[in-house]
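Thank you all for coming.

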Amino acid sequence: MALLEARKISKQFGGLAALRDLDLDIEKGMIASLIGPNGAGKTTFFNMVSGIYKPTSGHMFLEGKEIGGLRPNRVTALGLGRTFQNIRLFSNMTALENVLVGMNCRLKSTWYGALLRSPSVMQEEAKARERAQELLAYVGLAGKGETLAKNLPYGLQRRLEIARALAINPKLMLLDEPTAGMNPQETVDAMALIKRVRDELDITILLIEHDMRVVMGISERITVLDYGAKIAEGTPEQVRTNPKVIEAYLGKGVAAGARRPKQKVLA
């Protein structure tokens, strides 16, 4: 059984079909990528997996449990972590506080216990802060816990988002363009971090990414969307040479064997 299963998932916004009968399996322990031209339906799919949108039709399962239509907090509690294309940190909170927010779904204290500041609540909070510091160090933010999120450099803000997602102890992480806006060295470092998260923490990863060097460099399986439909799926090499993929990115002339432009979008 796959960790994440999508069966005939469709999403319509009025007369617009953002996704059409998508089937997708993500096995435990893999790094997989979802790619496609702008408007292909990639982020729409992420929004349905994470509970922001409800599928118009079809079924979605996380570890065999139906998640299609569940609220975001319910999906998170089942083990789904996510980052966003546009960074969504609490900019006026510290890095440590941002990670602690991610832990909220795992804390057992009630509002009443928090109000009374009982010993059990104090102990849980101390452990949470210790764990948050560990996660900051893991993503390369050691010593940055008291820095306001808005004062961190862009690349470190991306890392902070990953730390916050890790704070829920996820089984599956959705990374929406994790290297967007990064310089070449930051991109290389981000790729290494993503691999570490999978290899060391045993977290399955599905990412959306427009940088094909990243996609081809770390993915074990790639699914390609175009106009809301899956047009190809396979290993990086299979996808790189698929005529439908080349056509979707570069046009019919290139797919038919015309001279490729100098910029190798799928290289």
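The expected span is 1.5 Å times one less than the number of residues, and helices here are DSSP runs of H or I with at least four residues, while strands are runs of E with at least two, both numbered from the N terminus. This is a predicted model, in which local features need pLDDT of at least 70 and side-chain atom pairs count only at pLDDT 80 or more, while totals for chains, interfaces and linings use all residues. Residues are numbered from 1 along each chain as its sequence is written, and side-chain values use heavy atoms, with hydrogens and water left out.

Which residues of H7 are buried? They are Thr187, Ala190, Met191, Leu193, Ile194, Val197 and Arg198, where buried means under 20% relative accessible area, exposed over 50% and partly exposed in between, with a 1.4 Å probe and protein chains only. These residues cover an arc of only 160° around the axis, which puts them on the same side of H7; the arc is that of the directions from the helix axis to the C-beta atoms. On the other side of H7, Asp199 and Glu200 are exposed. Just after H7, Asp202 takes a positive phi of about 60°.

Turning to the lining of the largest pocket, there are eight nonpolar, six polar and three charged residues. Nonpolar covers Ala, Val, Leu, Ile, Met, Phe, Trp, Tyr, Cys and Pro, charged covers Asp, Glu, Lys and Arg, and the others, Gly among them, count as polar.
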